[in-house]
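Here are a few friendly notes to read with the structure open beside you. Take them one at a time, and find each residue for yourself before moving on.

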Amino acid sequence: MIIGSHVSISGKDMFLNSVREALSYGSDTFMIYTGAPQNTKRKDISELHIPEGRSLMAQSGMAGFLVHAPYIINMANTVNARTAELALEFLQLEISRTQALGSPVLIVHPGAHVGAGVQAGIRQIIWLLNEILSADTPCFLALETMAGKGSEIGSRFEELAAVYDGVVHSEKLRVCLDTCHVHDSGYDITGDFDGVIREFDRLIGQEQIAVIHLNDSKNPRGARKDRHENIGRGCIGFDALYRIAHHPAFAAVPKILETPYVPSLQDPRKKLPPYKEEIEMLRTGQGPSVPA
């Protein structure tokens, strides 16, 4: 099992600090944003301490890592021309930064159609990806499965399949399967994960899953709300997430935790990352001992 979590890229050591944080959790891999996920402010590549971070990864025997594009990129928006222009420009920039960092995968949300309709949104995503992707694109672009809140596209596998069908260089596409999102969108990954994967395989091909975001959910299946919960504390449950984490078909696929920070036992006002404990639980099979 290849497992890690989202980590910060901040402080004076930037990417080197990301690697250190991931190692402190006992991770094999990790995921970063190249800056704050809510905006486009980015430091120059030369300031990120990439060689030092890559050196520490090599010394530690750490597997590769993943980059996530910021939330503000909306590839499906046909209503606001400036939003579409921003998505095109900034996604191209993020691809170049992903290449400079040395990650093979950039994860991106498909976007929301903001009232124009699913088909219009899908057409816009296809247009944008055809503007960006070529045979020489230096990384894979992984479309994330979404929970279906608001006018999000990507909550159904058919929608992602339609994007694949329309993109000329679809060999540069991959999928990030988010367990919370898939559960919240209505798929029964708790009771029938293999059946869900068979449906995904029929429409897209299970080999297209390049990363799994491993998150529990605060919501019942089909709620379409996208509220992550800590491993074993939510409606998906520890047993199901453990089975997914150790599923033989995805042994080589990195699993990334994006679960909420938890209150400190010493000072409940302080929130701490749960990743070291959750990674250990998923490795050993020992779920949370006390109900939330």
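The numbered points below go through some strands, a helix, a loop residue and several charged side chains of this predicted model.

1. Begin with the start of the chain. Strand 1 (residues 3-6) pairs in the parallel sense with strand 10 (residues 255-257), over three bridges. The bridge partner of I3 in strand 10 is K255. Strand 1 also pairs with strand 2, again in the parallel sense and over three bridges. Here H6 is the residue to look for, as H6 stands opposite M31 in strand 2.

2. Now follow the chain from strand 1 to strand 2. Together with helix 1, these two strands make a right-handed β-α-β unit. Helix 1 covers residues 15-24, and its buried residues include F15, L16, S18, V19, E21 and A22. What lies over the buried residues of helix 1? The cover includes strand 2 (29-32), helix 2 (50-60) and helix 3 (81-101). After helix 1 comes G26, which has a positive phi, near 75°.

3. Strand 6 deserves a slow look. Six of the six residues in this strand (residues 173-178) are buried, so the rest of the structure largely encloses it. L173, V175 and L177 point one way, R174, C176 and D178 point the other way, and all are buried.

4. Next, visit T34, in the loop between strand 2 and helix 2. Is T34 buried or exposed? With a relative accessibility of 2%, T34 counts as buried. Its side chain makes a polar contact of 2.7 Å with the side chain of R42 and another, of 3.4 Å, with that of R97. Setting aside neighbours within four places in sequence, T34 is in contact with I9, R42, V67, E94, R97 and L101.

5. R97 and E94 form a salt bridge, with the closest N and O atoms 3.8 Å apart. Both residues lie in helix 3, three residues apart, which is about one turn of the helix. R97 is buried, at a relative accessible area of 4%, and E94 counts as buried at 0%.

6. Salt bridges turn up elsewhere as well, with a count of 13 in the model. One of them joins the side chains of R82 and E89, at 3.9 Å from N to O. R82 counts as partly exposed at 44% relative accessibility, and E89 is also partly exposed, at 41%.

7. In helix 7 (residues 193-203), R202 and E199 are three residues apart, about one turn of the helix. They form a salt bridge whose closest N and O atoms are 2.8 Å apart. R202 counts as exposed, at 56% relative accessibility, whereas E199 is partly exposed, at 24%. Elsewhere, salt bridges with shared partners join K12, D13 and R20 into one network.

8. Finish with D216, in strand 8 (residues 216-217). This residue is buried yet has no salt bridge. How far away is the nearest side chain of opposite charge? That side chain belongs to R233, and the distance is 8.1 Å. Look at the backbone instead: the nitrogen of R233 lies 3.3 Å from a polar atom of the D216 side chain. The backbone nitrogen of G234 lies 3.0 Å from a polar atom of that D216 side chain.

Technical notes: Residues are numbered from 1 along each chain as its sequence is written. This is a predicted model: local features need pLDDT of at least 70, side-chain atom pairs count only at pLDDT 80 or more; totals for chains, interfaces and linings use all residues. Side-chain values use heavy atoms; hydrogens and water are left out. Helices (H or I, at least four residues) and strands (E, at least two) are DSSP runs, numbered from the N terminus. Buried means under 20% relative accessible area, exposed over 50%, partly exposed in between (1.4 Å probe, protein chains only). Lys and Arg count as positive and Asp and Glu as negative; His and the chain ends are not counted. A salt bridge is a side-chain nitrogen of Lys or Arg within 4 Å of a carboxyl oxygen of Asp or Glu. A polar contact is a pair of N or O atoms within 3.5 Å; within protein, one must be able to donate a hydrogen and the other to accept it, and residues adjacent in sequence count only if both atoms are side-chain atoms. Contact means heavy atoms within 4.5 Å. Two strands pair if DSSP finds at least two bridges between them. A crossover is right-handed if, with the strands pointing away from the viewer, the path from the first strand over the helix to the second runs clockwise.
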